[in-house]
Amino acid sequence: MADGSAGQREWRVTGMDCGACAAKVRGAVERLPGVEDVDVALMAERLRLTLDETQTSPERIEVAVRGVGFGIAPKGARPERPKGGFVLPDGAFPDAVEAVEIDSELEEITGPADGAPTSWLKTSKGRLVLGTGALLAAAWVSRLVLPAEIAHWAFVLATLVGIVPVAQRAFAMTRSGMPFTIEMLMSIAAVGALAIGEPEEAALVVFLFAVGELLEGVSAGKARDSIRALSKLVPKTARLEVGGKTREIAVERLQLGQVVQVRPGDRVPCDGEVIDGTSSVDESPVTGESVPSLKEPGAEVFAGSINTEALLRVRVLRSAEDNTIARIVRLVEEAESARAPTERFIDRFSRVYMPAVVGVAVLVAIFPPLAFGLAWGEWVYRALALLLIGCPCALVISVPASITSALSTGARNGLLMKGGAVIEAAARTTHVAFDKTGTLTHGRPRVTDVSALIGSDDDLMALAAGVESGASHPLGQAIYAEAERRGVGAATATGGRALPGKGAEASIDGLTVSVGSPRLANERGALTDDLRTRVAALEAEGKTVVIVLCNDVPQGLIALRDEPRDDAANAIAQLRGLGISSVMLTGDNPRTARAIAEGLGIEHRAELMPEDKVTAIQDMTTDARVMMVGDGINDAPALAAAHVGVAMGSGTDVALETADAAILRNRVTDVASKVRLARATMSNIRQNIAIALGLKAVFLVTTVLGITGLWIAVLADTGATVLVTMNAFRLLFFRPSGTSDPTGRAIRPPRNIASIPKPLRAERRQ
């Protein structure tokens with residue numbers, strides 16, 4: 001691909017019900033020339049790969065996928081189901097093979113083109129279940145009223161009708177280099193049962209397999225629906241202001257900078273900024289926060305939130321495909337690619353396991369008759385049953401089913417995690433490191449003390465506000481806001497620059513004015529004994545002190561305080577209850593850090609520069625599993641250094657693309673909730689693996705001993721898959737915050753899977 005003709009292509013693939021289906025799609029395309037970096041996402045129904053079109057055309061990719069029985073179309077187009085028979089690359093299939101309509105799951109997931117809902121009864125899998133079931137019932141009736149010979153052929157007919165489409169899929173996958181599939185095992189078992197004179201059992205096996213396929217399809221659709229429910233929160237139309245009038249247009253047509261009206265009771269159609277109006281907005285669909293947030297001009301609103309009181313005029317800040325909910329959905333879907341280590345191990349294991357099961361079945365079929373002269377029919381029968389019970393479907397789906405359910409539950413509760421690898425790492429967390437400002441505290445300090453050494457307090461504030469004009473740091477913004485509150489105009493400053501970890505400085509009337517920490521004053525020789533005493537007294541009260549210098553001469557002190565969040569102490573206590581140690585990492589002074597830390601019951605490390613936080617995290621990770629929680633912007637290096645980086649508060653916007661995980665609510669207790677969800681998920685995965693392997697172990701033994709037969713084997717395999725899937729779905733109703741809030745009030749379970757659970761406690765956005 002060195003010629004530069006390679007590029008990334010993406011398709012939507014329908015009809016995938018489990019991890020084995022995704023593996024079939026992957027196997028169908030990854031062996032084609034010019035194809036690299038194949039990524040198949042089951043729940044997102046996505047195929048993404050790097051393609052050199054000089055070697056393989058996009059159309060050939062689509063033919064290969066349809067050839068193994070799945071619907072496919074370029075991203076954004078409506079997928080087509082295979083028509084007119086299977087056609088593999090290079091004419092691999094003879095023309096004589098008849099068409100078999102493979103259910104692409106398209107209609108039961110998205111509905112037909114007119115938008116009307118489609119029942120599973122109208123899907124090809126549903127029709128196959130009804131057809132094979134009717135034929136099986138007719139065969140049983142014929143056995144009661146007709147001669148045995150006719151009843152025999154009735155069961156043969158029921159078997160052939162059900163097994164032909166399965167055998168065609170098996171053949172297609174074999175020609176694509178995937179001989180060891182459940183379709184091949186089922187075909188061998190059914191044909192073998194007919195060959196040894198067991199048509200009744202063969203027909204029953206085919207019917208049970210069809211039922212299992214249908215259940216897997218319905219289950220996969222339900223899991224996808226729980227994720228897609230998020231995108232349905234955004235309205236389809238918006239009231240756009242044009243020339244003093246309003247008209248409704250599709251949300252997708254909104255452009256940046258346009259103004260829309262949001263009436264009371266309407267959902268906000270876009271991410272935007274309020275330019276006129278004051279109203280409370282229910283943001284629970286996005287953040288899970290149940291208490292409406294007051295929105296005034298200048299405040300930001302999220303698409304999907306609900307205006308509750310008065311008319312708002314909102315300027316569009318993000319396009320429809322880039323709004324908060326769209327990015328959440330995209331994050332959840334992309335998270336499938338970050339597979340957990342456990343899932344990768346099981347995938348590798350199943351590749352060896354399937355051929356091993358086939359080999360054991362062959363030995364069971366031929367060794368006892370050849371070595372001990374036992375009956376061939378009996379042992380071939382046992383070998384066929386062994387093939388069915390050995391199918392790894394339940395094992396393969398055990399991890400992705402749990403991961404998908406956890407991602408969906410997390411998204412509904414404002415807890416985002418980028419895939420199984422992050423969930424597994426979060427579950428193993430032993431230490432949590434918190435940034436202070438904006439994480440454990442509100443992140444909006446306010447000025448508490450102003451003490452001028454030269455001139456008046458207003459003169460001091462004018463100098464400080466001039467330096468901090470346009471500042472992005474919370475302390476600088478607080479100083480500027482305090483000057484405005486006092487009616488003091490900011491001095492005209494030029495050449496402003498930040499002093500990382502120390503403060504800021506600018507030129508005012510030809511003089512260099514600095515606003516910085518006592519450390520900066522000390523470095524410049526301006527920290528006198530009297531000044532040091534004053535600073536110590538203020539810091540002992542948990543306040544942050546900045547010193548204003550003019551040409552390195554102290555002009556005065558400004559003290560600020562950032563109060564801890566209401567739930568911060570409770571969050572630390574919850575983590576302690578989970579056996580997790582917590583530490584606060586801050587660039588603030590030791591006295592202020594100690595005052596905050598003692599109130600929260602947390603260890604602390606103070607006066608840390610950004611690189612010092614990275615070093616502290618690296619030191620912790622040598623013998624602990626560390627989660628770092630910060631704002632996702634200034635703490636980006638520390639977030640990257642931890643095993644799991646979690647962004648919350650002001651950094652959530654950036655975190656959706658950069659961090660391992662994100663918390664959409666400004667709630668520290670959600671850190672403990674994230675750990676609970678991760679641990680519950682890993683526990684669920686272990687249960688699933690135990691179910692899958694346990695049932696197989698039992699029935700492998702009973703099958704070899706002749707206790708259980710073909711129909712029990714396929715029922716056990718289907719049953720294991722259904723049990724594993726249903727167990728994973730329990731996570732959709734898991735409440736990461738627990739069963740009651742800190743005051744003891746019970747939290748009601750969600751009304752349905754797509755509903756937003758009530759949070760633990762209400763906290764108005766700060």
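Start by selecting Asp39 and Arg46: the two form a salt bridge, with their closest N and O atoms 3.0 Å apart. Both residues are buried. Keep in mind as you go that this is a predicted model.

Next, pick Asp266 and Arg263, another salt bridge with 3.0 Å between the closest N and O atoms. Asp266 has 22% relative accessibility, so it counts as partly exposed. Arg263 is partly exposed too, at 35%.

Now jump to helix H18, residues 529-540. Here the side chains of Asp529 and Arg532 meet in a salt bridge, 3.2 Å from N to O. They sit three residues apart in the helix, so about one helical turn separates them. Asp529 is exposed at 62% relative accessibility, while Arg532 is partly exposed at 37%.

Zoom in on E8 (residues 272-276), which pairs with E11 over two bridges. Glu273 stands opposite Glu300 in E11.

Last stop: show the surface around Val362, Leu363, Ile366, Phe367, Leu370, Phe372, Leu374 and Trp376, which make a nonpolar patch of about 830 Å². Helix H10 (residues 341-372) gives the largest share, six residues. Phe367 lies in this helix and is partly exposed, with a relative accessible area of 49%.

Notes:
Residues are numbered from 1 along each chain as its sequence is written. This is a predicted model: local features need pLDDT of at least 70, side-chain atom pairs count only at pLDDT 80 or more; totals for chains, interfaces and linings use all residues. Side-chain values use heavy atoms; hydrogens and water are left out. Two strands pair if DSSP finds at least two bridges between them. Helices (H or I, at least four residues) and strands (E, at least two) are DSSP runs, numbered from the N terminus. Patches are made of residues with over 30% relative accessible area and no salt bridge: like charges are joined within 9 Å, nonpolar side chains (Val, Leu, Ile, Met, Phe, Trp, Tyr) within 5 Å. Accessible areas come from the Shrake-Rupley method with a 1.4 Å probe; for residues, only the protein chains shown count as cover. A salt bridge is a side-chain nitrogen of Lys or Arg within 4 Å of a carboxyl oxygen of Asp or Glu. Buried means under 20% relative accessible area, exposed over 50%, partly exposed in between (1.4 Å probe, protein chains only).
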